[in-house]
Amino acid sequence: MNTLPLLLYAAAGVAYAIHFARRDAAVGRTATTLLLFGALVHTFVIGMQTMEVRHVPFANPSRAVSTFVWLFTLSYLYLELTTDERAMGVFILPLIVGLQTIPALYPGMEYQDAVLDSPWFWVHVSSLLFAYASFGLSGILGLTYVLQFKEIKKKHLGYFYTRLPSLQVLDVMNSRAVAVGWVFLTFGVIVGGVWTAQARGIDPTDPNLQAMSLDDPKIFVAMLTWGVYSFSVVARRTLGWSGRRAAWLSALGFAFAMLNFLAINYFVTTSHTFY
Amino acid sequence: MHLFLLGVSHRTAPVDLRERLDFSSGDLSAAAEAIAGRPSMSESVVLSTCNRSEIYVASSDPAQAREELVTFLSDYHHVPAQAFQPHLFALENSAAVAHLFRVAAGLDSLVVGEPQILGQVKDAYQTAAGKRCVGPVLSNAFRWSFGVGKRVRTETALGEGAVSVSFAAVALARKIFGRLTGRRVLVVGAGEISSLTAQHLRAQGVGDIVITSRTQTHAEALATEVGGLAVPWEGMINALGSADIVLTATGSQRPIITRAQLRAAQGHRRSTPLFIIDVAVPRDVDPAIGEIEQVFLYNIDDLKSIVEENLSRRAAEVERAESIVNDEVTKFMAWQRSRSAVPTVVALRQRFEAIRRSELQRLEGKLGGLSPEARARVDEVTRLIVEKLLLEPTEQLKALPDEETQAAYTEAVNRLFRLQDEHNPESSKQT
């Protein structure tokens with residue numbers, strides 16, 4: 001079911017790449033149309049899975065990745081349509097296509113557990129996924145900021161100079177994406193804590209719940225990620241850490257987030273194994 | 001009817017002669033009107049910019065038109081004909097069309113790909129059209145040329161990249177700050193480049209432009225010119241602290257802005273981007289300032305090398321632009337021929353239709369017994385036969401490869417079907 005959106009995303013990715021290289025407006029519009037269409041089909045897939053398991057599908061890591069990709073695509077589309085800047089697409093789409101390959105290859109079954117039958121679970125995961133989507137955007141914005149900065153600072157106005165938006169626009173968009181992501185991350189973590197306390201009351205023997213502490217790599221890295229972004233938000237306002245420093249911070253933060261979301265989620269965690 | 005073009009341009013005539021033949025100072029529409037009123041010419045457009053004076057006309061006799069235009073130019077500008085005759089260039093039909101398309105595309109400009117020329121071509125056409133000096137020949141060619149100009153602009157990078165130091169500086173500012181609305185500009189030293197750059201920045205909607213110079217009157221003069229504010233020389237460091245874009249162009253032998261001064265002036269604004277354009281030689285700004293994280297320092301050589309790079313990038317696009325122009329000339333000429341085949345096609349159709357009607361009339365007695373449905377069917381069938389018979393010849397006539405062949409075919413068709421006899425006043429009105 002996740003293959004059709006994958007194919008549409010891949011086609012959009014190719015179109016974004018051609019648009020970036022040739023700066024052809026018509027190809028750019030085609031790219032956006034393909035991506036919109038992919039997002040629409042993906043919405044349908046997520047909707048079907050939601051009806052099937054009666055909550056948004058993310059208790060299984062593959063499905064969570066699919067839902068993340070969906071949110072990420074929607075966030076990017078929002079950014080593109082509100083700023084009319086298509087140059088970022090060529091950086092975003094490889095991430096979307098790469099991640100969507102996971103659910104397309106390993107569909108996975110949705111795990112159902114009484115512990116998960118709680119609105120807290122839904123709020124916890126969806127706000128974290130949305131935070132990650134924002135961080136994904138900010139990471140890419142940071143990366144492109146660094147590319148553009150290098151060319152202007154070193155006075156080698158070349159490939160990226162003509163294609164990427166201005167430094168100011170990239171910096172402001174990055175700052176907003178980090179701020180939005182930070183709010184959702186903070187909220188998601190707090191909700192996670194509240195939900196754990198409640199769930200322990202329902203089923204104190206659940207091994208997942210017993211493992212919920214900072215000793216668990218997933219929770220530890222999540223707190224580390226939160227630390228990086230909190231620092232980024234504070235440093236921008238008090239120390240004037242904008243521009244390249246902020247860009248690197250957002251790239252670092254997103255690396256932590258992805259490490260947690262993919263590697264640790266699949267292989268290491270002891271607390272979030274609802275499958 | 002021929003499209004004929006006579007003119008001078010930066011390629012054929014020196015600047016002093018171009019100045020003497022320039023129409024733009026006078027009344028362009030009156031000139032166009034005067035030309036179109038001459039006996040051998042029925043339409044005219046006068047295109048006059050600082051790099052060219054060109055007269056496009058529709059004429060049945062180009063040789064005659066040339067003579068009349070030379071006389072006109074001589075009389076109008078009070079310049080003896082022999083002074084400009086050797087510098088004139090004259091083109092006809094497809095060559096004239098090709099020239100017009102190249103001009104509209106910016107290929108014939110002094111700075112290849114400059115954007116103003118397309119607007120100037122449009123203005124020239126509109127001025128002539130306003131005086132009813134254009135007919136089918138020129139209006140088709142000019143309207144087509146607007147599309148060619150647009151196509152070259154969108155499909156090639158011929159017009160891309162700044163090709164002057166001041167525009168390169170503004171383009172850089174836009175890549176650093178995005179929209180320049182509200183940005184504060186400090187100009188140190190009033191010179192030609194600072195004046196031009198300040199004007200371009202003003203056009204981008206920057207906020208305050210503060211100008212300072214060792215000679216206060218220079219600062220004030222530039223301030224009036226660009227709508228800025230002149231401050232005394234002593235206020236420079238203070239103004240530096242609040243500026244986003246700094247432009248320096250003094251004749252000072254030593255740097256006037258050092259790293260320590262900038263640090264002190266910026267204070268808490270250190271983390272906001274600062275774009276410094278130093279066009280002075282020797283340099284006004286200590287090069288070490290360029291190492292500060294959020295400072296982008298460009299000197300005159302940096303800007304010149306950007307301009308050169310852009311120029312060579314434009315030169316690389318010329319070939320693609322030329323092939324677009326050639327393609328459009330071919331399309332336009334084919335379209336013209338297909339249009340000029342229209343009167344023959346119409347005459348041919350009328351002839352066939354007349355035969356069909358007269359035959360139906362002749363058979364009226366025999367068809368009288370048929371039911372209305374059957375009669376309608378007969379009418380339809382005969383009409384379809386005529387349509388089918390004419391379909392192929394019509395297409396062939398419209399697709400003939402050149403004008404001579406077309407003339408020969410038209411003549412042959414006219415003779416074969418005795419179309420000339422059919423040309424009664426009514427049918428010629430319809431064509």
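This note sets out, in numbered points, the main features of a predicted model with chains A and B.

1. Confidence. The model as a whole scores ipTM 0.83 and pTM 0.74. For chain B the mean pLDDT is 89, with 97% of its residues at 70 or more. Within chain B, helix H5 (residues 93-105) has the highest confidence, at a mean of 95, whereas helix H19 (residues 425-430) has the lowest, at 40.

2. Overall form of chain A. Chain A is built from 10 helices and has 0 strands. Its radius of gyration is 19 Å, close to the 19 Å given by the globule rule for 275 residues, so chain A is as compact as a globular protein of that length. Taken along the principal axes, the C-alpha atoms of chain A fill a box of roughly 60 × 45 × 30 Å.

3. Burial and contacts in chain A. Of the 275 residues in chain A, 46% are buried. Among contacts in chain A with a separation of 6 or more, 80% are between residues 24 or more positions apart.

4. A residue of helix H10 in chain A. Ala247(A) belongs to helix H10, which spans residues 243-268 of chain A. Is Ala247(A) buried or exposed? Ala247(A) counts as buried because 27 C-beta neighbours lie inside 10 Å, where the cut-off for burial is 20 or more. Beyond its neighbours within four places in sequence, Ala247(A) is in contact with Gly142(A), Tyr145(A), Val146(A) and Asn174(A). Gly142(A) is 105 residues from Ala247(A) along the chain, yet their C-alpha atoms are separated by 3.9 Å.

5. The contact between the chains. In the model, 13 residues of chain A are in contact with 14 residues of chain B. On the side of chain A that touches chain B, the elements giving two or more residues are helix H5 (119-153), helix H7 (167-202) and H10 of chain A. H7(A) provides the largest share of that side, with 3 residues. By class, the side of chain A that touches chain B comprises 5 nonpolar, 5 polar and 3 charged residues.

6. Nonpolar cores. The largest nonpolar core holds 119 residues, of which Phe68(A), Leu129(A) and Val185(B) touch the most other members. H5(A) gives the most to this core, namely 15 residues. Not counting residues up to four places away in sequence, Val185(B) touches Ala198(B), Leu201(B), Val206(B), Ile209(B), Val210(B), Ala243(B), Ile245(B) and Leu247(B). There is also a second, separate core of 53 residues, which includes Val46(B), Val97(B), Val103(B) and Val121(B). As general background, nonpolar side chains tend to be buried together in soluble globular proteins.

7. Which residues are buried in helix H10 (residues 216-226) of chain B? They are Ala219(B), Leu222(B), Ala223(B) and Val226(B). Seen down the axis of H10(B), the buried residues fall within an arc of 105 degrees, so they line one face of the helix. An α-helix has 3.6 residues a turn, so residues three or four places apart point the same way. On the other side of H10(B), Thr217(B) and Thr224(B) are exposed. The cover over the buried residues of H10(B) includes strand E5 (185-188), helix H9 (192-203), strand E6 (209-212) and strand E7 (229-230) of chain B. Just after H10(B), Gly227(B) has a positive phi of about 70 degrees.

Note on methods
Residues numbered from 1 in each chain as written. Chains lettered and ligands numbered in written order. Helix = DSSP H or I, 4+ residues; strand = E, 2+ residues; numbered from the N terminus. Buried ≥ 20, exposed ≤ 12 C-beta atoms within 10 Å, placed from the backbone. Contact = placed C-beta atoms within 7 Å. Rg over C-alpha atoms; globule rule 2.2 N^0.38 Å. pLDDT = per-residue confidence, 0-100. Arc of directions from axis to C-beta. Nonpolar A, V, L, I, M, F, W, Y, C, P; charged D, E, K, R; others polar. Core = buried A, V, L, I, M, F, W, Y, C linked by C-beta atoms within 7 Å.
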